Amino acid sequence: MKSYLGIDIGGSAVKFGWGNSQSGLQYFSTVHIKNKCLSEFKTIIEKVLKEVETRIGFSNIHGIGIGSPGTIDFHSGKVVGVNPNLPFWINHDPCELIPATLGLPVLCDNDANLMALAEANSHKAKHALGITVGSGIGSGIVIDGKIYRGANGFAGELGHVIVVDSGAKCNCGRLGCMEAYASVDGLRNRLSEESPHYNDMQLSQILAIKSADQLVAGHINFGQKMLCGAVAGTVIALDPELVVLGGGGMDVGLYSIADIKKDIYELLPEVNRSKVQIKQATHGNKAGVIGAIILLEQA
Ligand SMILES: [Zn+2]
């Protein structure tokens, strides 16, 4: 089977690897981002491409898939909307990081869409919803085995569903988004409003005091409720067979998959409850790279 290169651009690291969905990844590596700026992205991608040339050679690569944070308008190919973590990335087409002289097909998609695609593929689920709980909340929808993008590429932004009327300010600038309560940054921001001593805490420090700090426990519980409400509503709307939750927040136990399952099932009508599986993601930090490779395989 042909091999493809997957590149997953994140806020703190660029992950890449090659392989295919049948044999898995033949190679996987991570490059940390030191300075968040466009020239750093370009330099890292040049290094990645050099490493590919040295280790496997482009004659053995049949296409390149790129995962990117942010909303991607598929008409223009550009990252659109608001991204306070990577403001310089707005209005750029991630595919343009790859020189046309390579002569390879290049496709790009939102990183959470690719996570959903990778997990759906491994679980052999045709209809799936993938959620990443990290500094923000990402989500992707897979319908009939393919990423559902909507009319413009904006589908599946579950983190920005309004869950509290005139609520807390979200990174997107609007008030009351689910992300403002359920994400790692959202949790920290809500706690910081209560007391500045939470300002500089890492998630691991916040979780370490959860059992002794009612404020922390209360905000985590509220975030989980908002997350589960939004997921349950989407399950009712889309009828997926699988919901997968991953991302750094899930990996370190911000929410337990058992608690999430219980909350979501309680919110679902019986017909959905007996049909939808809710699972922890299995691909960890490789999900974006694997999804990017599958994107090329499906093209
Ligand atoms: Zn928002």
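Q: Let's start with one residue. Where does Val271 lie?

A: Val271 is part of helix α9, which covers residues 270–273. Helices are DSSP runs of H or I with at least four residues, strands are E runs of at least two, and both are numbered from the N terminus. Before we go on: this is a predicted model, where local features need pLDDT of at least 70 and side-chain atom pairs count only at pLDDT 80 or more, while totals for chains, interfaces and linings use all residues. Residues are numbered from 1 along each chain as its sequence is written, and side-chain values use heavy atoms, with hydrogens and water left out.

Q: Is Val271 buried or exposed?

A: We go by relative accessible area: under 20% is buried, over 50% is exposed, and in between is partly exposed (1.4 Å probe, protein chains only). Val271 comes out at 63%, so it is exposed. Along the chain it sits 35 residues from Ile236, yet their C-alpha atoms are 9.6 Å apart in space.

Q: How does Pro99 count on that scale?

A: Pro99 has 37% relative accessibility, so it counts as partly exposed. You'll find Pro99 in the loop between β6 (78–80) and β7 (106–110). Its C-alpha is 9.4 Å from that of Glu46, a residue 53 places away along the chain.

Q: And which helix holds Ile206?

A: Ile206 belongs to helix α5, residues 203–208. With a relative accessible area of 1%, Ile206 is buried. Contact means heavy atoms within 4.5 Å. Setting aside neighbours within four places in sequence, Ile206 touches Leu187, Arg188, Leu191, Met201 and Val216. From Ile206 to Leu254 is 48 residues in sequence and 9.3 Å in space, C-alpha to C-alpha.

Q: Now for pairs of helices. At what angle do α2 and α10 pack?

A: Picture a line through each helix: axes are fitted to C-alpha atoms over the stretch in contact, and angles between N-to-C directions run from 0 to 180 degrees. Helix α2 (residues 111–122) and helix α10 (residues 287–298) pack at about 80 degrees, and their axes are 7 Å apart. That makes α2 roughly perpendicular to α10 (65 to 115 degrees; under 35 is roughly parallel, over 145 roughly antiparallel, the rest oblique).

Q: Which residues meet there?

A: From α2 come Leu114, Met115, Leu117, Ala118 and Asn121; the α10 side includes Ile290, Ile294, Leu295 and Gln298. Sorted by type, the residues of this contact are nine nonpolar, four polar and no charged. In that sorting Ala, Val, Leu, Ile, Met, Phe, Trp, Tyr, Cys and Pro are nonpolar, Asp, Glu, Lys and Arg are charged, and the others, Gly among them, are polar.

Q: How many salt bridges does the whole structure have?

A: Side chains of opposite charge can pair when their charged atoms come close. A salt bridge is a side-chain nitrogen of Lys or Arg within 4 Å of a carboxyl oxygen of Asp or Glu. A search of the whole structure turns up nine. One of them joins Lys15 and Asp8, at 3.8 Å from N to O, and both residues are buried.

Q: Which salt bridge does Glu193 form?

A: Glu193 pairs with Arg190, their closest N and O atoms being 2.8 Å apart. Both lie in helix α4 (residues 184–194), three residues apart, or about one turn. Glu193 is exposed at 57% relative accessibility, whereas Arg190 is buried at 7%. Another salt bridge links Lys262 and Glu266 at 3.7 Å, N to O. These two are four residues apart in helix α8 (residues 257–267), so about one helical turn separates them, and both are exposed.

Q: What is the phi of Asp144?

A: Most residues other than glycine have a negative phi. Asp144 is not a glycine, yet its phi is positive, near 55 degrees. Asp144 sits in the loop between β9 (137–143) and β10 (146–147), and is exposed at 51% relative accessible area. Ser166 also has a positive phi, about 50 degrees. Ser166 lies in the loop between β10 and α3 and is exposed at 62%.
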